[in-house]
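Here are my notes for a first look at this one, point by point. Keep the viewer open while you read.

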Amino acid sequence: ASPATDSNATGIEAEFQLYLNQLAADLATVESVKATAAELTKLAQLPLQALRCIHRSCDTNSISKAIDEARAALQPSIDLLAKLGQQMPAGTYYKYHQLWREPVQQLCMAVTFISFLESDRLLSLEDAASQLGMAGDSDGGGGSTLHLDLEDYLFGLLLLASELARLSVNAVTAGRPDLPRRVADFARHLEAGFRLLNFKNDALRRRYDGLKYDMRKIEEVLYDVTVRKLE
Amino acid sequence: QPETAASKRPNATPPGPASDNKCARLSQDENNKVAALFQTFKERLDVKQDRRERIVKLSRDITMESKRLIFTLHRVAGASDEERLAVLTEVSQRLDKLIASKLLPISSELTGQDPWEYRRAYSPGLQELIEAMTFLEFLSTGRLLSLSGGVRDRLPSGLLVSQFDYLLGVCDLSGELMRLALNAAAKADFDTPERVLAFLQKLLGCCETVPDRGPDCSERLLWQAGDNAAKRGKS
């Protein structure tokens, strides 16, 4: 009997039917993840907006206030991250990762920025993850709690470096000539750390290339402040 | 008020403690912590990248051998029944060997890892392999090797075979089938082209029902569909 007469002898139609069903389910997940990620991207701006007030007024009180506001503004993002974790089937963390990594990077920037302002300390990946309600350990994920990807955390640190470079300049303008030195010390530790890493040619590497320009700016501001004896 | 040398602090000035020594220690402390932290990052990144490299190399080997298998399968065009059987048997054995020698190692690399994280590293090799496997199946039984019962069953279970990779492998298969049909016709084998045509008509009909998944998939599908439609017209 020729295969052409028996409609499912080739198995093609059955196979594609299966495929289409699974594809439809997958597309539904992609749509809902994208929607949540878009909302998360918007919410992630709020803590950063609160923190960016210090570019204009960075006396101790203003900084304190900005930190409190930023902390409060973090909560909606944390809640939404938890929801995001539940929208993806177990074991598909990296399948949809590209859809939502950007707001996570921004949130990392926010919490590490707060840590610097409060104590001049670098917030570790584990601590950053726990502040965001995420799991820290990235080997063998599982469950519905999202884990904080190492590369997203590192990207957040690089975003922080650019923010600090800008702060360095504005702090002097706003009457805090002592801040550039604190920024410089922190940034130097950061740069020394990044120099240990081996990068492949990807977005993280390209972002890392920008770190040297941030460092230069930070060091130049410190130079200006020192030379003019402003401290 | 002029600043004296004593009041200038060469190290970080964290809020709180006033003495110079303590500031210096705190800064050194922080420096050590950060350095240690990044050392762990370096190790983690290196482990991941080395793993990815090893998988990519295996994937390349899989691509090469799969292409050779496909080339071998084309010999059935216009061949005698004996030769045909010999080719199919040979390819089947080489396929088993390929799976054991190159796919199993990938599966080991992925043990304990999130398979989606490394999918792209072995995706090209996997697609080429699926092309070879489905080609062999068509020549042996006239059927489309299915993803769940067919492909996934023959590959190590730790290996993620996504529908995406399967679909692309099958699309590439349609190209090989066209080539087979043309070669067969050139050798006065008109039975093969007929079977290929029927199969392809089904396949392309189904491919057209797949909604747009993005540039990769739809481009390849459209290209194959257009290309094959043109060749169909000619033959």
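1. A term to start with: a residue is called buried under 20% relative accessible area, exposed over 50% and partly exposed in between, using a 1.4 Å probe on protein chains only. Arg195(A) is exposed by that scale, with a relative accessible area of 55%. Glu191(A), on the other hand, counts as buried at 18%.

2. Some housekeeping. This is a predicted model, in which local features need pLDDT of at least 70 and side-chain atom pairs count only at pLDDT 80 or more, while totals for chains, interfaces and linings use all residues. Residues are numbered from 1 along each chain as its sequence is written, chains are lettered from A and ligands numbered from 1 in the order in which they are written, and side-chain values use heavy atoms, with hydrogens and water left out.

3. Back to Arg195(A) and Glu191(A), which form a salt bridge with their closest N and O atoms 3.3 Å apart. (A salt bridge here is a side-chain nitrogen of Lys or Arg within 4 Å of a carboxyl oxygen of Asp or Glu.) Why are the two about one helical turn apart? Because they sit 4 residues apart in helix H6 (residues 179-195) of chain A. Helices (H or I, at least four residues) and strands (E, at least two) are DSSP runs, numbered from the N terminus.

4. Helix H7 (residues 203-209) of chain A holds both Arg205(A) and Asp209(A), again 4 residues apart, about one turn of the helix. Their side chains meet in a salt bridge at 3.4 Å, N to O. Arg205(A) is partly exposed at 28% relative accessible area, and Asp209(A) is partly exposed too, at 29%.

5. Which parts of the chain does the pair Asp26(A) and Lys95(A) link? Their side chains meet in a salt bridge (3.1 Å, N to O). The pair joins distant parts of the chain, 69 residues apart: Asp26(A) is in helix H1 (residues 12-52) of chain A, and Lys95(A) is in the loop between helix H2 (60-87) and helix H3 (97-119). Asp26(A) is buried at 10% relative accessibility, while Lys95(A) is partly exposed at 30%.

6. Over all chains, the rule gives 31 salt bridges. There is also a network of salt bridges linking Arg101(A), Asp149(A), Asp152(A), Lys48(B) and Glu117(B).

7. Now have a look at where the chains meet. The size of an interface is often given as the accessible area lost when the parts come together. Chain B and chain A bury about 4,700 Å² between them, 61% of it on carbon and sulfur atoms; buried area is the accessible area (1.4 Å probe) that two parts lose on being put together, summed over both. In chain B, the residues losing the most area to chain A are Phe38(B), Trp116(B) and Lys202(B), together 14% of what that side buries.

8. The contact involves 50 residues from chain B and 53 residues from chain A, where contact means heavy atoms within 4.5 Å. The rule finds 2 salt bridges across this interface. Glu30(B) forms a salt bridge with Arg121(A), with the closest N and O atoms 3.7 Å apart.

9. Which helix gives the largest share of the side of chain B that touches chain A? That is H1(B), with 18 residues.

10. One for the annotation-minded: UniProt, in an unreviewed entry, lists Glu163(A) under "binding site". Its positions are given in the numbering used here, feature names are shortened, and annotations may be inferred rather than shown by experiment. Glu163(A) lies in helix H5 (residues 150-173) of chain A and is buried at 6% relative accessibility. Leaving aside neighbours within four places in sequence, Glu163(A) is in contact with Arg52(A), His55(A), Met109(A) and Phe113(A).

11. Ser168(A) is buried at 1% relative accessibility, and beyond its neighbours within four places in sequence, Ser168(A) is in contact with Pro180(A), Val183(A), Ile218(A) and Val221(A).
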